[in-house]
Every structure is written in C-alpha cells, then in structure tokens.
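Biologist: I'd like to learn how to read a few features off a model like this one. Could you take me through it piece by piece?

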Amino acid sequence: TLNDLFSLLVSEILRDESYMALVAELEVMIDSFENGQIIHVFGFSHKLPQLLTVVFKTFVDLALSGKKSRRKSQDKSIDELVDAPVFYAQLESLALAYFNEGAQFQSSGMLSSAMYRVLVKDTIHPESKATATDKIEPGHLAEYAYKFLKRCKVEVLVTGNVDMKEASAMFASIKDSLDIIESAPIPSSEIPVFNMINVPVSKVIDSNDDWYALSGLVHPLEALEFPGHSVDLYFHIGEDNIKSRVLVNLIEQVMREPLYAELRTRQQLGYMVKCSTVSLYGKLGYVIELTSGKHGPQFLAQDVDNFLLQFRSSLRLMSKEMFFDHLVALARKKLEDPKGPSQAVERHWETIKQCNNYEERTYLWNPHYAEVELLKTYVTPQLLLQAYDNWLLPTSKSRKRVSVVVFGHGHEGNPLKELQSRNHYITVVNGPELDVQNEKARHARGCKMM
C-alpha cells in the first residue's frame, strides 16, 4: 500500500513539471508494481535528461524527509513536500481504487485481476490493502520512501536517438541522485521472486453433470450489478521457453477467428469471446475468455470444451497450404517494426522482465528473430496437434486449468455450494479474501463496478 501511495504522491508533486514537459512534447509516467517503481520518461526533446533528473530528485526529496536525522537543513519534511489535504485525498483515492479492484471481474490486459490473484503466490487482496490505508500517516510514507531508496536496485533502459555517451550521462545522473542518500542496492539474490502456483492436472470427467466442464481449480465470484455471466479459463503450459512459446502462439493464431465465429457469431453465446497467450513470471499459459448475458459459467465452460473438441478435427485436417498461411502470418506479425518509440521500449522491457530470476537473465533483445527461425525449422502440423492435445484438449490427461467464474445478477441458487458439492473433481480456490459471499458486503458498502 505504501509503495502504491509513493508513486501517487511523486506524480502529484510533479504535476506542474509534468504539464510543462507535456508542452515541450515530453511525458513522464510513474507507476508501482510488486517489486518497486517504474519510471517512464519519453518524448521528442533534448531536454529529456533534465526531466529525468527532476523526477529522481523528487523521489530523493521524499526519501530524505523520512531520514531520522535529516542530512541538510534545506531538506524538507514530508509536510512541506505534500500538503496534508493532498496526502489524505490521494490516500482516500487509493482506498477506493482497491475496493473497486476487489469487485472487478472483467479482464484488463492479459489476465483479470481475480485470475492474477489466484495464479500468483503471496499476492495481497485489494480489500486487505484498502484496510491498511486506514492506518497510514504521512510519517509512515516518508519512512518507507527512505528505506525503499536506501536499498533499491535500479535498472535503466535507454532507447531511441541517443548514443552511449548520452545514455551513460543519464545513468550517472540517476546514480548521483541516489548517492545523496548513500544508497546501497540490495543484492540480486535477495530481491523477492514472485512465483505462480502449481496448477494440478484437471480430472477428465465423463458425466452428464452440468458442472463437469469446470473440473480443476475454480475461483468463484458473484457480481450483483452485472446482468450476465463470465468465465476466464487459464490453461497452464509450463516453463516459458521459446519452443513452447511459438507453438502456443501458433495455436492462438489458428484458433482466434474460428473461436469467435463459432461461439460469438454462430451460437451467439456472448458479446465477448477471445483467446490469448500469457507469459507471467517465467511461466506460459493460454486464456480463453467468454462473457454472456444468457448462460451461466458452467454452461459457458462446457461450450468452450465442446468447441475445443471440435476444433481438434480442424487442426488434424488442416491442409499444408492453410498451415503455412498461418505460419507466415504469425512470422510477419513477429517481424513487424515497432510503431513508435514507446512500443520499442515496451518490447525491450518485456525482454528484461522475461526471466523472473535476476541471476538468470539473458537479455536477448531480438527474440522474435529466433522465434521466426523456429517457426521455419521446428514447427510442424504434427507437433502443433500434439501440443494442442496435451495442453487444451478436454480429454487430455495432462491438461492443467484454472477457472475464474463470475455469476451475475439473476443466478438461481448458491454457486459456492454448487461448486463445493462437487469437490471430487472441482477444487474451489476460496479463502476469507476470495469468498463469494463477501461480494455482497462490498456492494453494501457502496463499491462501484469498474
């Protein structure tokens, strides 16, 4: 919570500077994540290094306000840097954002927030963070800022129309800022590593039970203000290696249009149908999402499984010409040039984050070239079908799946009891922070759906 508040307050302090930078075609974005802070400064001006210096000076000023014996008389206190009304307004805004996140079920990006909380170990539920905001005072933030920068490890990525001399100067500027508080970076081996849960193999159920298609791990949510129902199905592939990645990318390439055409256009099951490849903390997965105003999650999951069974025939009977058409389309997509500097930076940053362990990073800046080479020399129709059978086919004895199911307004009965009564093939991922019944309490407190 303090980490999230840290980024909000730095952005607030920099409000005037950010506006003037925007006029000069420069932008600065500051955001928090599990392991720290991300600072993104970009634009089309030679003044960019000066803006970066101003941003880091703001971080350091906040950190010095938390030092028990301030270094110099001109160092400001937290109260001088941030007015009390502004501090508490940002804190209130953060608490509301946490409550909204706790009730959010629709996907944003590759995974819904609920799916992320299920898959990643030791994630903190937004409602717990919201509760923590009640106890935070300005002094707590100042102390956290000092401890954070005192031990932080900084990774700097500079791209664009710059040479090594200019990039080194920017790095030196950051180092000079951190030297003011005598920062001693935490060793890479001590940086917390986030890991995903071990997803068990889902049982193959031969049953007429309406719920059998939800075999495996299931996280239920109840959204009282939502008129429909939704299901996010995450299929766990395994370690994120280049061979698995090109195979699952090709499955997505081949499946995307037939999935939409069958479930959305022909059957008209829902208004949102999509599939995507997911890479998260060194693990690889595949997600199928379906939102419907007609059918409950158990029926949506069954419809997806029915499609996956039928789609196997399409894969098996696919002509060589069609196979190579998809192969070439995927290769061209991977070889597309970035559409701008921000997209180029994003690609490089994804490469940096590819390995969860700092000690094992390889920094391969152009992985797409190696992936295209594998598409030409490694991937065959037989290998693609084998991968599909192992990872996605409902009758597979090695398929691993996690489901986030959302029961919207009008669902009859108690979905949690329905799921728990089938514990011989469904494992409900459910604790005090993931209890379906708690959704009603959130809405009773006036929580808004985002």
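This is a predicted model: local features need pLDDT of at least 70, side-chain atom pairs count only at pLDDT 80 or more; totals for chains, interfaces and linings use all residues.

Biologist: Which aromatic pair does Tyr144 form with Phe6, and how are the planes set?

Modeller: First the general idea. A pair of aromatic rings is described by how far apart the centres are and by the angle of the planes. A search of the whole structure turns up eleven aromatic pairs. Take Phe6 and Phe59 to start: they sit edge-to-face, 5.2 Å centre to centre, with 70 degrees between the planes. Phe6 belongs to helix α1 (residues 2–13) and Phe59 to helix α3 (residues 48–64), so this pair ties together parts 53 residues apart in sequence. Now your pair: Phe6 and Tyr144 are also edge-to-face, at 6.2 Å centre to centre and 90 degrees between the planes. That one links distant parts of the chain, with Phe6 in helix α1 and Tyr144 in helix α8 (residues 138–151), 138 residues apart.

Biologist: Is Phe6 buried or exposed?

Modeller: Phe6 counts as buried because its relative accessibility is 0%. Phe59 is buried too. Ring pairs join Phe6, Phe56, Phe59, Tyr144 and Phe148 into a cluster.

Biologist: Where does Gln268 sit, and what is its phi?

Modeller: Gln268 is in the loop between α10 and β5 (272–280). Its phi is near 50 degrees, a positive value in a residue other than glycine. Gln268 is partly exposed because its relative accessible area is 47%. Glu25 has a positive phi too, near 65 degrees, and lies in the loop between α2 (15–23) and β1 (26–33). Glu25 counts as exposed because its relative accessible area is 52%.

Biologist: Last one: how many disulfides does a search of the whole structure find?

Modeller: A disulfide is a covalent bond between the sulfur atoms of two cysteines. Here the search finds zero. As for individual cysteines, Cys152 counts as buried because its relative accessibility is 11%, and Cys275 counts as buried at 7%.

Methods: Residues are numbered from 1 along each chain as its sequence is written. Side-chain values use heavy atoms; hydrogens and water are left out. A disulfide is a pair of cysteine sulfur atoms within 2.5 Å. Buried means under 20% relative accessible area, exposed over 50%, partly exposed in between (1.4 Å probe, protein chains only). Rings of Phe, Tyr and Trp (its six-membered ring) pair if their centres lie within 6.5 Å; planes under 30 degrees apart count as stacked, over 60 as edge-to-face and the rest as tilted. Helices (H or I, at least four residues) and strands (E, at least two) are DSSP runs, numbered from the N terminus.
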